[in-house]
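Here's a quick briefing to read alongside the model. Have the viewer open and follow along.

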Amino acid sequence: MAGRVADEVVLSAEECAFLQAQVRRHKAARSLADRCRMILLCAEGFQSKEVAERLGAHEHTVGKWRRRFVKDRIVGLSDEYRPGRPRTVSDDQVAQVIERTLNTLPKDATHWSIRSMAAATGLSHTTIRRMWAAFGLQPHRSETFKLSTDPLFVDKVQDIVGLYMAPPNRAIVLCVDEKSQIQALDREQPVLPMAPGVAERRTHTYIRHGTTSLFAALDIATGAVIGKCYKRHRATEFLDFLKQIDAAMPDGPDVHLVMDNYATHKTPTIKAWLARRPHWHVHFTPTSASWINQVERWFAELTRKQLQRGVHRSTAELEADIVAFIEAHNENPKPYRWVKSADDILAAVKRFCQRTQQNLCGEL
């Protein structure tokens, strides 16, 4: 008795292109990509058993998707609708919960929680959770922002981002700033080291042993850092740090400094020292826009890797650890890759301002 003859799969050019595109897509669902592979192999003349062996699937599975494709073509590769329990929450109820979440506050809190909203609406907390997840609502989260009011914001962003993405030929670009008031903190009781199944533990209380200020200059081309700690961060210390940078620079290339508008950067003494070096060029960041200074990214790395969990019984210990961190960083420095153009940044700021204005107008 002859076995069942497999349905023949013949693809049009459009269907073949679609199936191949789904197989190549990184974000395509794994199940859909596997079904597309099955159909492509079936179209090449392979039997279901051979396709199953190649893809590690069951022969009956391959046969199922072969038949569905022959019957319904591309649409047949999608999952069939499976009827389930009827909805118990209406669209009006969903709209009321979303509107209440966005435009009202509970009597006893600054924001809604899942259970407080469930109690106020009479719905279950799992229903509220699903609604908030579907609409991307997270009342417990709050973020901060600060827009620069610098009248030359656009010009400064274009200038500095231009330095990052297309630095002048044979020039050195340094991002300079200070991390002030770094505290030397010791714990009131010894730190308990990590053990299998147990995280490192420390007391939340601490003892202060003074502060230090770190001046740093990041070379955007190499990622190397010049740094020095000072007891204070006045113009006197900043001038001394500039002299240290000058001593480390090779003769010949122009030096471009990116730094913020801190008062110590603009004193007559600093201006006079820079004026005597015409090959030095200063680029001031917009006010309230420290994110554009790449050395801030390095400061974040220093904080995360060395300062946040460090234990220091004196400022001397703290400064020694900072110097050791800089030396270790400079053994294998890596530059940060700036990817956003000035136009991208300005467009993002514009969109944010427009959304903020719309929200304010909506409240009024």
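How many bridges join strand β2 to β3, and do they run parallel or antiparallel? There are 6 bridges between β2 (residues 206–219) and β3, and the two strands run antiparallel. Before going on, note that this is a predicted model, where local features need pLDDT of at least 70, side-chain atom pairs count only at pLDDT 80 or more, and totals for chains, interfaces and linings use all residues. Residues are numbered from 1 along each chain as its sequence is written, and side-chain values use heavy atoms, with hydrogens and water left out.

**The sheet**
- Five strands make an open sheet with mixed pairing, in the order β3-β2-β1-β4-β5; helices (H or I, at least four residues) and strands (E, at least two) are DSSP runs, numbered from the N terminus, and two strands pair if DSSP finds at least two bridges between them.
- At the edges sit β3 (225–230) and β5 (280–284), each pairing on one side only.
- On average, neighbouring strands here are turned by 25° against each other, direction ignored (axes are lines fitted to C-alpha atoms, for helices over the stretch in contact, and angles run from 0 to 180 degrees between N-to-C directions).

**The β2–β3 hairpin**
- β2 and β3 form a hairpin with 5 residues between them, and Gly223 in the turn has a positive phi of about 85°.
- Across the pair, Leu214 stands opposite Cys229 in β3, while Ala217 stands opposite Ile226 in β3.

**Helices on the sheet**
- Helix α11 (residues 295–307) packs on the sheet and touches β1 (172–187), β2 and β3, where contact means heavy atoms within 4.5 Å; the α11 direction makes about 25° with that of β1.
- Helix α12 (residues 315–331) also packs on the sheet, touching β1, β2 and β3, and its direction makes about 30° with that of β2.

**The α5–α7 pair**
- The axes of helix α5 (residues 91–103) and helix α7 (residues 125–135) come within 11 Å and cross at roughly 70°.
- Val94, Val97, Ile98 and Thr101 in α5 meet Ile128, Met131, Trp132 and Phe135 in α7.

**Domains**
- The protein chain is assigned domain 1 (13–77), domain 2 (92–135) and domain 3 (152–190 + 203–345), with bounds from an automatic or database domain assignment.
- The C-alpha centres of domain 1 and domain 2 lie 43 Å apart.
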